[in-house]
Amino acid sequence: MIATIPQSKAFAWTYRIYVTLFFIYLALPLTVVCAFAFNDSVFPSLPWDGFTWAWFFGNEAPYIGVFNERPIIKSIGTSLFVAFWVSLLSIAVGTSNAFLFVRYDFKFKEFLYILMLLPLIIPGIILGISILVFSNTVANNLEDATGLWFDGLRPGLPLVILGQFSFIATFATLVISARLEKFDRSLEEAALNLGATKWGAIRQITLPFLMPAIAGAAVVAILMSFENFNTTLMLVGSDAPLTITMFDRLKQGSTPVLNAVSLLLIVVSALLGLMSLLFQKREQN
Amino acid sequence: MTQAQSRLGLYLLMAPLMLWLLLLIIIPHIGMFLVSISVKTGVRQYVTGFGNYMVFFTEPLYWNTFARTAFMSIAATFLTLLIGFPVAYYIAKLTRGRTKTTLFLMCLIPFWVSELVRTFGWMILLRETGIFSSFLQYIGVHSGPVEFLYNDAAIMIGLVYTSMLFMVVPLVTTLDSLDDSLIEAGYDLGGNGISILREIIIPHAMPGIVSGCIVVFMLSLGNYLTPILLGGKDSLWFTGLIYSQFITRFNWELGSAFGFLLLGLSSTIVWVGLKLSRQSLTDTVGR
């Protein structure tokens with residue numbers, strides 16, 4: 001079953017048809033979501049009532065487009081805010097972890113490394129509830145002790161950011177460590193010989209070398225944060241990120257405005273994804 | 001660099017890691033365990049005991065849902081492997097150059113998109129007023145609308161679709177590293193397609209199969225969106241029970257116990273998978 005070994009025509013064709021069917025299966029749900037964003041009907045279903053841009057730009061009820069729909073625009077803003085902080089925290093901690101695991105030897109290194117991988121195999125909903133329970137206990141105790149309010153420890157955006165960060169940091173650590181391992185330390189030593197300080201050498205030599213990995217990790221972190229649902233669901237307060245808002249709409253049944261949002265999401269995530277691949281490519285050169 | 005400086009650097013780099021792991025992973029899980037073993041006896045009064053876990057074992061609805069979630073996740077994992085393997089093989093071995101990159105990218109793109117959007121797509125396809133139902137009426141197979149949504153088959157389709165990438169990518173990576181000459185040698189020695197698949201290809205792909213299966217199983221077990229949106233009233237999923245104990249019933253003690261049972265199941269399966277295939281966690285997910 002390799003190119004150099006001849007196969008029967010029937011087998012080769014069956015195989016090709018199977019693979020084609022597979023890609024149709026992959027593309028079908030996304031295609032219909034996008035197609036119905038342009039259907040001139042208040043339900044995202046057949047029959048096809050003609051083409052319209054109303055679900056993007058409309059401002060007459062029930063044809064309210066994405067760009068005139070306040071709650072959706074607001075939740076996109078919330079998602080961006082969360083994604084920004086998650087990505088910033090993740091690359092900061094990820095870079096520090098990379099230096100720790102690649103450059104230092106210490107007791108329990110192996111154990112800590114495995115511990116660092118654990119967030120990947122804990123179901124997201126459990127990460128969410130454990131952080132919820134913990135922060136709630138801390139808040140209750142602090143409030144009993146001081147008589148002050150600690151809103152940051154109640155369900156809300158700070159907890160959503162911490163919850164998403166708790167597992168996205170692992171990805172950032174892995175991506176940045178992989179790059180740091182390829183770094184030739186003699187470059188840093190040369191800088192030290194030429195009179196650079198330790199920190200100066202890292203800032204001018206090592207960090208620029210790590211940049212493609214850091215940028216790639218930041219893009220992946222934004223992507224993962226933007227589409228995270230399980231962890232966010234348990235920690236969300238009154239300000240809902242986009243996935244939560246869309247989920248609520250979806251349960252109630254909604255106009256094709258949801259398709260329009262989805263179409264925008266598909267375009268943006270495909271672009272971000274391609275961008276992260278480009279960073280990976282540059283890393284290899 | 002002096003010894004003291006190096007020490008200081010080590011501690012400074014250690015600080016963020018420890019803060020992250022202690023405050024967001026370790027202590028919260030210990031805290032959740034403590035909550036799960038406290039049984040409510042009155043208003044703000046608790047005693048320590050395994051009462052919440054007993055509730056799970058004595059209430060058939062709870063452990064039935066637990067078993068159902070586990071079995072359906074295993075089934076979804078096998079289906080994903082069965083469907084994904086031929087495609088991964090095709091990409092890895094029967095295409096090259098630009099076609100290969102394009103096909104691989106086409107596999108990746110759907111998974112950069114939010115799971116919510118993908119599930120929404122399946123709802124549009126499967127529901128009573130959806131594409132499949134309209135199509136069947138159009139070609140005259142069926143006279144009235146057909147509901148494909150809100151049953152276990154719909155959940156399966158959704159789960160398999162959602163986890164496909166996590167199977168295909170590791171499979172393509174391991175199959176790529178299989179030298180074509182090994183397969184040729186197999187044919188030279190008189191093997192046929194099936195024996196070569198069994199003796200050469202599958203053993204070589206084992207690491208990829210295992211890591212794919214582990215990730216797909218975990219994702220299915222911990223999935224919330226797909227069973228809720230595509231499943232019917234009777235298609236309960238264990239994560240749904242956890243959510244309702246926490247948010248609807250406000251019974252955090254029972255919810256924490258459920259959370260621990262789910263975590264226990266998922267860790268056990270991961271551990272067994274790693275042991276059976278003699279791999280370590282670092283090789284499987286730490287890449």
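Colleague: How many helices and strands does the secondary structure of chain B come to?

Modeller: Glad you asked! Keep in mind that this is a predicted model. In it, chain B has 13 helices and two strands.

Colleague: And why is chain B described as more spread out than a compact globule?

Modeller: Compare its radius of gyration with what the globule rule gives for a chain of that length. For the 287 residues of chain B the rule gives 19 Å, but the radius of gyration is 24 Å, well over that value, so chain B is more spread out than a compact globule.

Colleague: What percentage of the residues of chain B count as buried?

Modeller: The share is 42% of the 287 residues.

Colleague: Now the two chains together. How many residues does the contact take from chain B and from chain A?

Modeller: Chain B puts in 68 residues and chain A 71 residues. On the chain B side, helix α1 (residues 3-36) gives the most, with 15 residues. Sorted by class, that side of chain B has 47 nonpolar, 16 polar and five charged residues.

Colleague: How should I read the packing of two helices?

Modeller: The general idea is that two packed helices are described by the angle between their axes and the distance between the axes. As a case, take helix α2 (residues 51-58) and helix α12 (residues 252-276) of chain B: their axes are 9 Å apart, at an angle of about 70 degrees. The two helices, α2(B) and α12(B), are therefore roughly perpendicular to each other.

Colleague: Which residues meet there?

Modeller: From α2(B) come B:Asn52, B:Tyr53, B:Val55 and B:Phe56, and they meet B:Glu253, B:Leu254, B:Ala257, B:Phe258 and B:Leu261 in α12(B). By class, this contact has seven nonpolar, one polar and one charged residues.

Colleague: Let's finish with chain A. Where does UniProt place the feature "domain: ABC transmembrane type-1"?

Modeller: The unreviewed UniProt entry puts that domain at residues 76-276 of chain A. In the model, this stretch is 80% helix and 0% strand, with its end C-alpha atoms 21 Å apart. UniProt also lists spans of chain A as "transmembrane region", again in an unreviewed entry, including residues 17-38 and 111-135. Residues 17-38 of chain A are 86% helix and 0% strand, and their end C-alpha atoms lie 31 Å apart. For residues 111-135 of chain A, the values are 76% helix, 0% strand and 26 Å between the end C-alpha atoms.

Technical notes
Residues are numbered from 1 along each chain as its sequence is written. Chains are lettered from A and ligands numbered from 1 in the order in which they are written. This is a predicted model: local features need pLDDT of at least 70, side-chain atom pairs count only at pLDDT 80 or more; totals for chains, interfaces and linings use all residues. Helices (H or I, at least four residues) and strands (E, at least two) are DSSP runs, numbered from the N terminus. The radius of gyration is taken over C-alpha atoms; the globule rule is 2.2 Å times the number of residues to the power 0.38. A residue is buried if 20 or more other C-beta atoms lie within 10 Å of its own, exposed if 12 or fewer, and partly exposed in between; C-beta atoms are placed from the backbone. Two residues are in contact if their C-beta atoms, placed from the backbone, lie within 7 Å. Ala, Val, Leu, Ile, Met, Phe, Trp, Tyr, Cys and Pro count as nonpolar, Asp, Glu, Lys and Arg as charged, and the others, Gly among them, as polar. UniProt positions are given in the numbering used here, feature names are shortened, and annotations may be inferred rather than shown by experiment. Axes are lines fitted to C-alpha atoms, for helices over the stretch in contact, and angles run from 0 to 180 degrees between N-to-C directions. Angles under 35 degrees count as roughly parallel, over 145 as roughly antiparallel, 65 to 115 as roughly perpendicular and the rest as oblique.
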